[in-house]
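Subject: Structure for you to look at

Hello,

Here is the structure I said I would pass on. Please have it open while you read the notes below it.

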Amino acid sequence: LRQGFAATSNEQVAEDAGYSRGAVYSNFPSKEALALEVIDRHTEQVIENYRQSLAEGSSEDRLERFQVWIKQSLSDTGWALLKIELALVARHNSTLNEELAARDRTMLDHVAGVITELDDDLGLPTDSVHDLARLCVAMGQGVAIDSIKDPTSTTDWTARLLAAVRRLLPMRPMLPVLIATSTNPASPEQK
């Protein structure tokens with residue numbers, strides 16, 4: 001992660017991990033395969049840690065832990081940058097692109113599950129939950145890109161954003177009506 005995907009060789013990975021080059025090459029047919037394995041292990045760890053932290057407590061407690069998790073996740077931009085670099089390589093490699101897409105679906109499903117667990121009473125349609133999950137993941141990727149452009153940038157704004165969302169939660173009973181209104185294809189003149 002220190003140098004990024006493009007600037008890191010399998011030889012460097014082997015040296016840093018204390019393995020021989022042969023051991024790395026015998027277990028991973030390509031640098032991309034090695035990167036995917038590293039991403040898989042990291043993702044499993046992140047998901048398991050988060051599941052444990054959400055295992056119990058009130059909705060308020062879980063929302064508080066979600067806020068902490070979001071801030072930590074957005075602060076750790078190296079993983080998002082690795083995925084972004086791989087996505088750029090995958091533009092010309094359909095197999096890698098399919099592999100990355102499968103991993104993205106896993107992460108999106110996890111984030112959607114987290115959103116659902118935070119408050120089952122939201123009554124959001126499944127598509128809306130998945131859209132929110134996509135927004136969270138895209139926000140993480142955007143923060144990672146922003147950190148490249150401005151290494152002094154922080155994620156302090158996420159706490160303010162989540163606080164604003166929390167203030168909107170009392171509006172939950174109106175959400176189904178707002179969603180239905182926003183998805184109604186009829187123009188205001190037709191109503």
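Leaving aside its neighbours within four places in sequence, which residues is Thr 8 in contact with? The model is a predicted one, and in it Thr 8 is in contact with Gln 3, Val 13 and Lys 31 once those neighbours within four places in sequence are left aside. Thr 8 sits in the segment before α1, which covers residues 10-17. Its relative accessible area is 19%, and buried means under 20%, so Thr 8 counts as buried.

Next, the charged side chains. Side chains of opposite charge can pair when their charged atoms come close. There are three salt bridges in the structure.

One of them joins the side chains of Arg 41 and Glu 37, at 2.8 Å from N to O. Both residues belong to helix α3 (residues 31-53); they are four residues apart, so about one helical turn separates them. Arg 41 is exposed, at 58% relative accessibility, while Glu 37 is partly exposed, with a relative accessible area of 27%.

Arg 103 also takes part in salt bridges. With Asp 40, its closest N and O atoms are 2.6 Å apart. This pair links distant parts of the chain, since Arg 103 is in helix α6 (residues 94-118) and Asp 40 is in helix α3, 63 residues apart. Arg 103 forms a salt bridge with Glu 99 too, again with the closest N and O atoms 2.6 Å apart. Arg 103 and Glu 99 are both in helix α6, four residues or about one turn of the helix apart. Glu 99 is partly exposed, with a relative accessible area of 32%.

Regards

Conventions. Residues are numbered from 1 along each chain as its sequence is written. This is a predicted model: local features need pLDDT of at least 70, side-chain atom pairs count only at pLDDT 80 or more; totals for chains, interfaces and linings use all residues. Side-chain values use heavy atoms; hydrogens and water are left out. Helices (H or I, at least four residues) and strands (E, at least two) are DSSP runs, numbered from the N terminus. Buried means under 20% relative accessible area, exposed over 50%, partly exposed in between (1.4 Å probe, protein chains only). Contact means heavy atoms within 4.5 Å. A salt bridge is a side-chain nitrogen of Lys or Arg within 4 Å of a carboxyl oxygen of Asp or Glu.
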